[in-house]
Amino acid sequence: MRRLIGLSYSPWSLKARWALDHAGVDYRWIEYTPMLGEPLLRLRLRRRRVSVPVLINTAGVFTDSYDIARHAEAQTRGPSLFPAEKLDEISRWNQLSEDVCAAGRALTTRRVASDPSALVENLPAPVPRRLRRALRPVAKAGAGFLARKYRLRGTPDADARETLALGMEALRDALRDGRAYLLGPLTYADLAMAVALQFVQPVADRFVHLGPASRRCWTQADLAAAYPDVIAWRDQIFERHWVRHWGR
């Protein structure tokens, strides 16, 4: 059985899970805990620098959302997310998704670190409710760990917000004629960009669960208000294509 290690709310993990599920690929989901889970993951992969998602199976180890999605594509005979004639365009949209996600992570991590309620929500699920407030410093340390690991302190808020705005504008321009998908049929480009918009306005809780304080930290209200058409497109992608048989 394939094993996918990731964070249930992370856009990078969401991209990998969505592609695997779209392809009908079976796997076992393993929830990752930032900071605390890193030593074990390093040991498992025999690598000094690690990040999630990670897919482990007999074909090898895949450590990038895009590579995991391409691996899933090779396992299915269903509708392709990577039509050969669209690969260059899909790659460009995937890079924009990566840029938007990196900028969004910088903004969101700083907000979570300064929001006591969001810190409590970000503690691992098994932590008993009566201990969660007392363990808030652990969550704050986790946010600091992410900031150091991904060098988030070097990304000014203004630059990160500009990257998000450029992503929203690119989507609006590509969808201006009312098309349902970016490249004609549904492709990985649609999934990657739909997930990236988590950092502008998270999708409904029935798709991806976030606590109320976390949801507030992830939301860029002014950008969401300026691009309601793009947010509506994202919501339709989730409504039509979200798959809920995630790894057992």
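In which sense do strand 1 and strand 2 pair, and over how many bridges? Strand 1 and strand 2 (residues 28–31) pair in the parallel sense, over four bridges; two strands count as paired if DSSP finds at least two bridges between them. The structure is a predicted model, in which local features need pLDDT of at least 70 and side-chain atom pairs count only at pLDDT 80 or more, whereas totals for chains, interfaces and linings use all residues. Residues are numbered from 1 along each chain as its sequence is written, and side-chain values use heavy atoms, with hydrogens and water left out. Helices (H or I, at least four residues) and strands (E, at least two) are DSSP runs numbered from the N terminus.

**Strands**

- Strand 1, helix 1 and strand 2 make up a right-handed β-α-β unit; right-handed means that, with the strands pointing away from the viewer, the path from the first strand over the helix to the second runs clockwise.
- Strand 1 (residues 3–6) also pairs with strand 3, in the antiparallel sense and over three bridges.
- Arg-3 has Arg-28 as its bridge partner in strand 2 and stands opposite Ile-56 in strand 3.
- Leu-55 of strand 3 is the bridge partner of Leu-4, and Leu-55 stands opposite Phe-62 in strand 4.
- Strand 3 and strand 4 (residues 60–62) run antiparallel and are joined by three bridges; they form a hairpin with two residues between them.
- In strand 3 (residues 54–57), Val-54 and Ile-56 point one way and Leu-55 and Asn-57 the other, and all are buried. Buried means under 20% relative accessible area, exposed over 50%, and partly exposed in between (1.4 Å probe, protein chains only).

**Salt bridges**

- The whole structure holds 11 salt bridges, each defined as a side-chain nitrogen of Lys or Arg within 4 Å of a carboxyl oxygen of Asp or Glu.
- Glu-98 forms a salt bridge with Lys-15, with the closest N and O atoms 2.6 Å apart. Glu-98 lies in helix 4 (residues 87–113) and Lys-15 in helix 1, so this pair ties together parts that are 83 residues apart in sequence.
- Lys-15 counts as buried because its relative accessibility is 1%. Leaving aside neighbours within four places in sequence, Lys-15 is in contact (heavy atoms within 4.5 Å) with residues including Ser-65, Asn-94 and Tyr-188.
- Asp-115 and Arg-216 meet through their side chains in a salt bridge of 2.7 Å, N to O. Asp-115 lies in the loop between helix 4 and helix 5 (116–121) and Arg-216 in helix 10 (residues 212–218), so the pair ties together parts 101 residues apart in sequence.
- Asp-115 is buried, at a relative accessible area of 12%, while Arg-216 is partly exposed, at 48%.

**Glu-38 and helix 2**

- Glu-38 is found in helix 2 (residues 38–45) and counts as buried at 5% relative accessibility.
- The side chain of Glu-38 meets that of Arg-42 in a salt bridge (3.2 Å, N to O). Both residues lie in helix 2, four residues apart, about one turn of the helix.
- Arg-42 is partly exposed, with a relative accessible area of 37%.
- Not counting residues up to four places away in sequence, Glu-38 touches Tyr-32, Thr-33, Val-50, Phe-145 and Lys-149.

**Nonpolar surface patch**

- Leu-36, Leu-131, Leu-135 and Val-138 make a nonpolar surface patch of about 310 Å².
- Leu-135 lies in the loop between helix 6 (129–132) and helix 7 (136–149) and, at 31% relative accessibility, counts as partly exposed.
- Patches are made of residues with over 30% relative accessible area and no salt bridge, with like charges joined within 9 Å and nonpolar side chains (Val, Leu, Ile, Met, Phe, Trp, Tyr) within 5 Å. Accessible areas come from the Shrake-Rupley method with a 1.4 Å probe; for residues, only the protein chains shown count as cover.
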